[in-house]
Amino acid sequence: MAEPLLDRARRAGRRLRVNGDARAHYVVCGRDALAYWVVRALLATELQAGRVRITLVVPERPRSDEPDGRDLQGVEVVRADRLDEVTFRRAGLAGADGLALLHQDDVGNMHAALCAQEVEPRLRLVVRMFNTGLANGVRQIFPDSAVLSDASMAAPAFVAAALGEVAPTHFRHGGRTLYVARRDDVRPTDVVCGVADTHDPQQVRLLPADERAADLVIAEATGAPPGTELAARRLRRARRRRRPLTVLLRAVRSFATRKIGVAVIVLLVVIGVLGWLNGYAAHRGWADSLYLTLVTTLTGQDPNPDKPAGEQIMQVVLNLAGLALIPLITAVVVDGIVNARLALHSGRIQPERSGHVVVVGLGNVGTRVMAQLCDFGVEVVAIDKVPEPRGGALARRLGVPLIVGDAALEETLQSASVGGCQALVVVSTDDETNLQAALNGRAVNPELQVVLRLFDGHFAERIQQAFGIGVSRSVSYLAAPSFAAALLDRAVIATIPVGRHALLVTEVSVAAGSALDGRPLAAVGRAESVRLLAHARAGQRLDWAPDPRLVIVAGDRLTVVARRAGLNALLREAAPPPPEDPVAPTPRQPEE
């Protein structure tokens, strides 16, 4: 940590020499709502209030109707379609404290990072990437960098909402896998600390002084069954055995198109009526009438000019009907074979299911949601317009059926058995399709749990209120705090949403000479503000049950869960003391 801090001190000195502005300078490059929410998060950070300068680089023209931050007050906007050295110099990147590259293009962000390095070699870099496997390579090229995926951050929120869990947070830290749960759903020995008292939804208490009053807790995932209602819910989500007979019936149902089916039915009705009339006129029984009708229709034989005129007319009509029946039978067979092959290829022939989750859209977010649901043992059915979406290969590897079709159509949702699913997660990149799919899903099943992705957070709130859709979320809104924290070089491990509030799990390093240096660990925690989770000396492993009387020394690492205001105060106490102003020399008195 000493080297980055020294680099920042040099950059601050350079800013003072160039323009006399000592404020921290951050450059944000984006073209969608993520850039908007990241800038909003930076402006709302109390620690940096009034002491931060933000430059936003956006395309010349907006790419969509969603906000991208160019209208925010107090933000310098640079319009450019290319992220190169010229653009970065226009944005004042030289001497800046951090750069956030938030475009949805992994290769483009990598190229922009290399261009930025030419302008400012020592720079805090935050890169948005879907392929987080490139993170190690980016860190080798840019030592002071963070690679984040908004899809990975937002997916747990959609998964938790679909499964009806209390919070989407599960994370790994210090060799432990931790998650947020109800106290009644976990074993008492697995509880790490209390998080919130939510008994009164109108007055949620975060980090109450008495941990025993918290019904929402952080617990360790030990793999042991909790023996509670949570276990029963997970068992009900187990994969159900597919029924071959149901698949066969649905295949027969989709064998021919509606128009050909109606034509065949009408023709068979005409043949049946004429055959009955022919048998009635000839005074035949029903068996003989059926025989004569089939022979006359299919072969056209047995002409007899001595028959009464009525029988001759009906025989001619039956022969004509027979001529029409043969091509129709051929059309049904050909059309049925083609439709069956298309239905099998697109996944529309599926067994009736219940208790599964339908995921619409296998893009960045949908792929993460599908994978996490499968990790939890939940049966998933995916829908996407594209035959080979981004998550198609993973769906095949996980055995997830993929239905190719428009989720805005009710028949596509019916093929996914949306009427019997436990949740419909709509996370495609088209707001209109998402909303239509959610409303159609509700029309099929009024009690359906719908988790809807909308890019505009304000629009999502209005949709939730107007249509009664249970959960509407914006991926950008969920991921923005982590991007902003990474840009400020805060080690945010996880974000815990509790109603309209949020708690941050982070690791704080204690600097030499800071206000915390030499104080006991008991001084870290504050009721309803900060709670200590673990403590570690420099180079040692985390202690999850530290002695509160232990004295803090420089280099200690404190893992805490805190509200934003409490975290800002803790960071100020853990930061090194500000440099003292040099004492001005006293003027020398003349000798008498």
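Visitor: Let's start with the sheet: in β3, which residue is the bridge partner of Leu-56?

Guide: In β3, Leu-56 has Val-77 as its bridge partner. Strands here are DSSP runs of E with at least two residues, helices are runs of H or I with at least four, and both are numbered from the N terminus. Two strands pair if DSSP finds at least two bridges between them; β2 and β3 run parallel and are joined by 4 bridges. A word on the source: this is a predicted model, where local features need pLDDT of at least 70 and side-chain atom pairs count only at pLDDT 80 or more, while totals for chains, interfaces and linings use all residues. Residues are numbered from 1 along each chain as its sequence is written, and side-chain values use heavy atoms, leaving out hydrogens and water.

Visitor: What is the strand order of the open sheet of 6 strands?

Guide: The order is β3-β2-β1-β4-β5-β6, and the pairing is parallel. At the edges sit β3 (76-79) and β6 (145-148), each pairing on one side only. On average, neighbouring strands of this sheet are turned by 15° against each other, ignoring direction. Further in, β1 and β2 run parallel and share 6 bridges, with Cys-29 opposite Val-57 in β2. Strand β4 (residues 98-101) runs parallel to strand β5 (residues 124-128), with 4 bridges joining them, and Leu-99 stands opposite Leu-125 in β5.

Visitor: How many residues of β2 are buried?

Guide: Buried means under 20% relative accessible area, exposed means over 50%, and partly exposed lies in between (1.4 Å probe, protein chains only). In β2, 7 of the 7 residues are buried, so the strand is largely enclosed by the rest of the structure. Val-52, Ile-54, Leu-56 and Val-58 point one way, Arg-53, Thr-55 and Val-57 point the other way, and all are buried.

Visitor: What does the side chain of His-25 make a polar contact with?

Guide: A polar contact is a pair of N or O atoms within 3.5 Å; within protein, one must be able to donate a hydrogen and the other to accept it, and residues adjacent in sequence count only if both atoms are side-chain atoms. The side chain of His-25 makes one with the side chain of Thr-55, at 2.8 Å. A polar atom of the His-25 side chain also lies 3.3 Å from the backbone oxygen of Gly-92. The C-alpha atoms of His-25 and Gly-92 are separated by 8.7 Å, though the two are 67 residues apart along the chain. His-25 belongs to strand β1 and is buried, with a relative accessible area of 1%.

Visitor: Which strands does helix α2 lie across?

Guide: Contact means heavy atoms within 4.5 Å. Axes are lines fitted to C-alpha atoms, for helices over the stretch in contact, with angles from 0 to 180 degrees between N-to-C directions. Helix α2 (residues 33-44) lies across β1 (24-29), β2 (52-58) and β5, and it runs at about 175° to β2. Helix α17 (residues 475-487) lies across β1, β4, β5 and β6, at about 155° to β5.

Visitor: Is α2 mostly covered or mostly uncovered, and how many of its residues are buried?

Guide: Mostly covered: 9 of the 12 residues of α2 are buried, including Ala-33, Val-38 and Leu-42. At the start of α2, a side-chain oxygen of Asp-32 comes within 3.2 Å of the backbone nitrogen of Leu-34.

Visitor: How many aromatic pairs does the structure hold?

Guide: The structure holds 1 aromatic pair. Tyr-36 and Trp-37 form this edge-to-face pair, 5.0 Å centre to centre with 80° between the planes. Rings of Phe, Tyr and Trp (its six-membered ring) pair if their centres lie within 6.5 Å; planes under 30 degrees apart are stacked, over 60 edge-to-face and the rest tilted. Tyr-36 is buried at 12% relative accessibility, and Trp-37 is buried at 10%.

Visitor: Which residues is Gln-372 in contact with, leaving aside its neighbours within four places in sequence?

Guide: They are Ser-152, Ala-155, Pro-156, Val-159 and His-170. Gln-372 is found in helix α12 (residues 364-375) and is buried, with a relative accessible area of 16%.

Visitor: How many helices and strands are in the protein chain?

Guide: The protein chain has 18 helices and 21 strands. Of its 592 residues, 47% count as buried.
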